[in-house]
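Dear colleague,

I am passing on the structure we spoke of, and below it I have set out what a look at its packing turned up. Please read the notes with the model open beside them.

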Amino acid sequence: MDLRYWLPRAAEVAERWGERFGPLEPHPSHLVDDADFAAAFERFAERLEHNYPFFHPRYAGQMVKPPHPAALVGYLTAMRFNPNNHAYEGGPATNDMERECVAQLAAMFRLPAHVGHLTSSGTIANLEALYVARQSHPGLGVAYSSQAHYTHSRMCHVLGVSGHAVAADAEGRMDAGALEELLRTGRVGTVVVTCGTTGLGAVDPVHEILPLARRYGARVHVDAAYGGFFALLAADDALAASLGVDTAPWRAIAGCDSVTVDPHKHGLQPYGCGAVLFADPGIGRHFAHDSPYTYFTDAELHLGEISLECSRAGASAAALWLTLQLLPLTAQGLGAGLAASRRAALAWAALIEDSAELTLYQEPQLDIVTYFPTVAGVPALSAVDAAGERVLRRGMADEHDPVYLSVLRVDAADFTRRHPGVRADAGGARVLRSVLIKPEAQGWVAPLHARVAALAASATRLPADVPAGPPDVPAGRPDVPVGRPGVPAGPSSPSSAPSFEESAR
């Protein structure tokens with residue numbers, strides 16, 4: 001898709017539609033001089049250069065990437081109409097598009113019946129799910145994995161319900177045994193399972209937790225904000241087997257009470273576009289309210305009547321709808337990009353396993369790879385942490401051959417459970433973390449590995465007293481690299497490894 005062709009077409013759609021209502025002159029208060037705008041736009045363009053290259057495989061840090069061109073065209077076209085999907089009269093076309101998109105998402109998870117809507121984020125989607133959980137089981141708490149997204153504990157605080165962190169197993173998944181001990185207390189009414197933790201990409205055993213929760217009368221909510229679209233790969237047995245994707249957790253989602261997913265991650269949408277789906281269409285009763293100045297159309301159920309949010313961008317629904325027309329929710333459609341990302345993660349993990357410079361922290365379950373520099377002798381957590389920090393900062397600071405990673409802080413118990421040969425001389429350590437969310441990463445695995453391995457070799461050769469940077473990083477949280485984009489964050493060292501361009505050739 002050539003955006004230089006399609007973006008002017010996007011402007012024409014609203015202009016052509018508006019002509020039917022007669023000529024209209026803009027109000028003088030809105031008029032700006034072209035020269036003034038040109039100067040402001042130049043300043044604007046310069047400000048945008050203060051960014052990380054999320055579009056490029058050199059950026060192998062957080063779970064961000066540009067939206068698909070179809071989503072951009074759909075969003076910008078709809079923005080000219082500026083629809084509000086809170087109520088049907090706020091934008092009939094985009095309300096209909098949203099309902100169709102939600103139905104497709106529900107079918108992806110094989111929900112037998114559903115009600116749901118798009119949200120501005122996965123956080124709001126999870127808030128709505130926990131709100132319904134509180135209303136359904138008043139006075140009872142919410143259980144979630146210790147590796148779950150931090151917003152679950154925060155939302156429990158907002159909602160005034162007790163939150164219970166459940167221990168994770170050696171692969172970062174919720175421990176079913178620990179959960180049952182908690183359920184026996186009778187204090188929990190809802191269990192949150194995560195399909196794709198933001199730190200490790202771990203997938204909780206939904207198929208084991210669901211029957212366990214039902215035995216104790218608890219609801220089950222699935223936080224699939226990050227990993228939800230991997231359900232497309234799990235739907236194809238042969239493809240799932242070839243990619244090492246366990247189908248059981250994904251297929252168990254159909255029996256759960258609610259699920260969230262973020263189209264603005266693997267769904268190729270611009271921020272913010274999350275979604276929440278409920279298996280019981282009757283949950284609308286928990287959102288019942290009276291709005292005397294809206295809902296004057298005859299819509300069967302307005303989207304605002306099943307949502308905590310009011311105003312929501314109809315352009316998000318338009319962007320998702322147009323994207324799914326071209327890349328449907330199938331393994332061969334949108335799933336093809338996820339398969340490429342999964343292959344990239346498996347390929348890089350294999351290279352790390354054979355590497356002398358890097359050590360794999362744990363096997364990737366989706367497309368997130370975690371690893372750390374191999375420290376000679378009897379390694380200590382402090383040395384691993386310091387070396388990883390050097391790799392992070394030197395990779396960003398190299399103007400000729402940059403690479404952008406992220407870090408994840410893990411506590412000493414989790415680290416040594418996976419790597420018992422490491423001496424626990426500190427409370428934890430940062431491991432390097434790469435989210436290979438862009439399918440283009442599959443073609444860049446070899447140069448990416450070579451670059452990071454060279455940085456790791458250099459980092460572990462440095463004297464122990466070289467400063468490593470600030471050590472206090474919240475446990476279990478992936479961290480955005482510190483420093484200005486494109487500006488050296490510290491001293492850089494030359495690498496004998498070939499550059500990205502040389503390796504790719």
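The largest cavity holds about 60 Å³ of space, and it is one of four cavities of 30 Å³ or more that a search of the whole structure finds; please bear in mind throughout that this is a predicted model. Its lining consists of Met108, Phe109, Arg110, Ala231, Ala234, Ala235, Trp250 and Arg251, with helix H9 (231–234) and helix H11 (247–252) as the elements that each give two or more residues to it. By class, six of the lining residues are nonpolar and two are charged, while none is polar.

Turning to the packing, the largest nonpolar core has 62 residues, and those with the most contacts inside it are Leu105, Phe109, Leu179, Val191, Phe229 and Trp250. Leaving aside residues up to four places away in sequence, Phe229 touches, among others, Leu105, Met108, Val261, Leu329, Leu334 and Leu338. A second, separate core of 26 residues includes Ala60, Leu405, Leu436 and Ala459.

There are also 13 aromatic pairs. In one of them, Tyr52 and Tyr59 are tilted, at 6.3 Å centre to centre with 45° between the planes, whereas Tyr52 and Tyr404 pair edge-to-face at 5.7 Å and 70°. Because Tyr52 lies in the loop between helix H2 (34–48) and helix H3 (69–79), and Tyr404 in the loop between helix H14 (381–397) and strand S10 (406–411), this second pair ties together parts that are 352 residues apart in sequence. Tyr404 is buried, at 7% relative accessible area, and together Tyr52, Phe54, Tyr59 and Tyr404 form one aromatic cluster.

With best wishes

Methods. Residues are numbered from 1 along each chain as its sequence is written. This is a predicted model: local features need pLDDT of at least 70, side-chain atom pairs count only at pLDDT 80 or more; totals for chains, interfaces and linings use all residues. Side-chain values use heavy atoms; hydrogens and water are left out. A nonpolar core is a set of buried Ala, Val, Leu, Ile, Met, Phe, Trp, Tyr and Cys residues joined through side-chain atoms within 4.5 Å. Buried means under 20% relative accessible area, exposed over 50%, partly exposed in between (1.4 Å probe, protein chains only). Contact means heavy atoms within 4.5 Å. On a 1 Å grid over the protein atoms alone, a cavity is a set of points where a 1.4 Å probe fits but cannot get out, and a pocket is an open set with protein on both sides within 12 Å along at least five of seven lines; lining residues have an atom within 4 Å of a point. Grid points are joined across faces, edges and corners, and a volume is the space filled by probe spheres set on the points. Helices (H or I, at least four residues) and strands (E, at least two) are DSSP runs, numbered from the N terminus. Ala, Val, Leu, Ile, Met, Phe, Trp, Tyr, Cys and Pro count as nonpolar, Asp, Glu, Lys and Arg as charged, and the others, Gly among them, as polar. Rings of Phe, Tyr and Trp (its six-membered ring) pair if their centres lie within 6.5 Å; planes under 30 degrees apart count as stacked, over 60 as edge-to-face and the rest as tilted.
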